[in-house]
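User: I've got this model open and I'm new to reading structures. Can you walk me through a few spots?
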Amino acid sequence: KEKQQEEINAAYQAKLEDERRIIRETFTTEGAEPLNPRSLSLESAVYLLTFIRLGASEDFTHIEPAQFFAERLAPTSSFTTEIIRLLSYENLITPHPDSSPQAFEFEGDEITSYYINRVMWNISIGNNIEQKKNIINELELMFKDKDWPRSWAAESRPLWKKIALEECLEYLEISLGEHNFSINPGEKTRLVFDNLLEDYSVAQAYNLIWQGVKDAASFYVRQQVTRSHAANYAINAIQRKAERGLAEGWEYKAFRRNFKCPQSAVSALFFNTVLQIGEIGFSVPPRLNE
């Protein structure tokens with residue numbers, strides 16, 4: 001039995017070494033062209049700097065797997081995935097050759113896929129550490145001094161609204177969960193909150209969500225419907241309250257951030273460093289001209 005176990009362990013170690021070889025041969029940390037930060041969209045620039053701030057090693061040789069970040073990258077898991085995929089698609093980050101084999105799926109001598117939360121990343125914005133450091137510093141200064149490319153001004157409000165929408169969905173999920181309801185936000189739910197954020201802040205949306213979920217909980221008990229039906233009722237209730245408030249000139253009280261969903265890293269960087277408006281981004285609707 002001991003001999004059999006030794007053979008199993010040896011075979012496992014050999015498999016790991018073979019997988020590490022495949023990873024090293026597939027990915028590299030060399031040869032990236034120097035990035036011009038001004039060539040990036042505002043969205044990509046914000047995501048890249050947030051990702052680097054959260055996970056980069058002290059010498060910028062790699063970024064830790066997202067599953068080990070000390071803070072949340074984005075308000076929702078789907079938004080986190082979207083951010084990492086966009087950075088990867090634009091080749092701003094690439095899988096690091098020293099990543100764990102457990103982050104990959106193999107078929108023979110080929111990598112078929114990898115888990116974006118588990119893989120370690122290379123910062124693919126320059127061909128040496130000094131170059132990467134200078135580019136990151138240039139990006140930091142562009143935000144600090146508001147020395148933006150002309151196109152970024154028009155991209156600011158859509159990104160504000162996008163982050164705000166995800167913060168609403170995060171609080172919706174928390175609120176529904178407190179009543180053992182759940183929902184997988186699709187296009188209908190996103191459209192409701194997209195329209196709502198034309199007139200309300202995230203802080204006011206929190207109030208509307210709280211009221212809508214409370215009404216849904218009462219509806220669930222009163223009508224003895226399914227939990228799924230009750231969750232959908234909550235979305236309709238939120239929409240009705242928002243529209244009636246506008247029609248009758250109501251002023252919904254602004255809630256504070258909920259301790260169960262603290263501000264994410266991408267939200268903090270965008271409102272504090274990029275727009276430099278702090279919590280105003282939470283307490284007013286996404287309107288840059290006000």
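User: Is His 96 buried or exposed?
Analyst: His 96 counts as buried because its relative accessibility is 7%. Buried means under 20% relative accessible area, exposed over 50%, partly exposed in between (1.4 Å probe, protein chains only). This is a predicted model: local features need pLDDT of at least 70, side-chain atom pairs need 80 or more, and totals for chains, interfaces and linings use all residues. Residues are numbered from 1 along each chain as its sequence is written, and side-chain values use heavy atoms, without hydrogens or water.

User: Where is His 96 found?
Analyst: His 96 is in the loop between strand E1 (93–95) and strand E2 (104–107). Strands (E, at least two residues) and helices (H or I, at least four) are DSSP runs, numbered from the N terminus.

User: And what does His 96 touch?
Analyst: Leaving out residues up to four places away in sequence, His 96 touches Ile 23, Thr 29, Thr 61, His 62, Met 120, Trp 121 and Asn 122. Touching means heavy atoms within 4.5 Å. A polar atom of the His 96 side chain lies 3.4 Å from the backbone oxygen of Thr 61.

User: New topic. How do the rings of Phe 51 and Trp 121 pair?
Analyst: Edge-to-face, with 6.5 Å centre to centre and 70° between the planes. Rings of Phe, Tyr and Trp (its six-membered ring) pair if their centres lie within 6.5 Å; planes under 30 degrees apart are stacked, over 60 edge-to-face, the rest tilted.

User: What does the pair tie together?
Analyst: Phe 51 lies in helix H2 (residues 42–55) and Trp 121 in strand E4 (residues 121–123), so the pair ties together parts 70 residues apart in sequence. Both Phe 51 and Trp 121 are buried.

How values were computed: A polar contact is a pair of N or O atoms within 3.5 Å; within protein, one must be able to donate a hydrogen and the other to accept it, and residues adjacent in sequence count only if both atoms are side-chain atoms.
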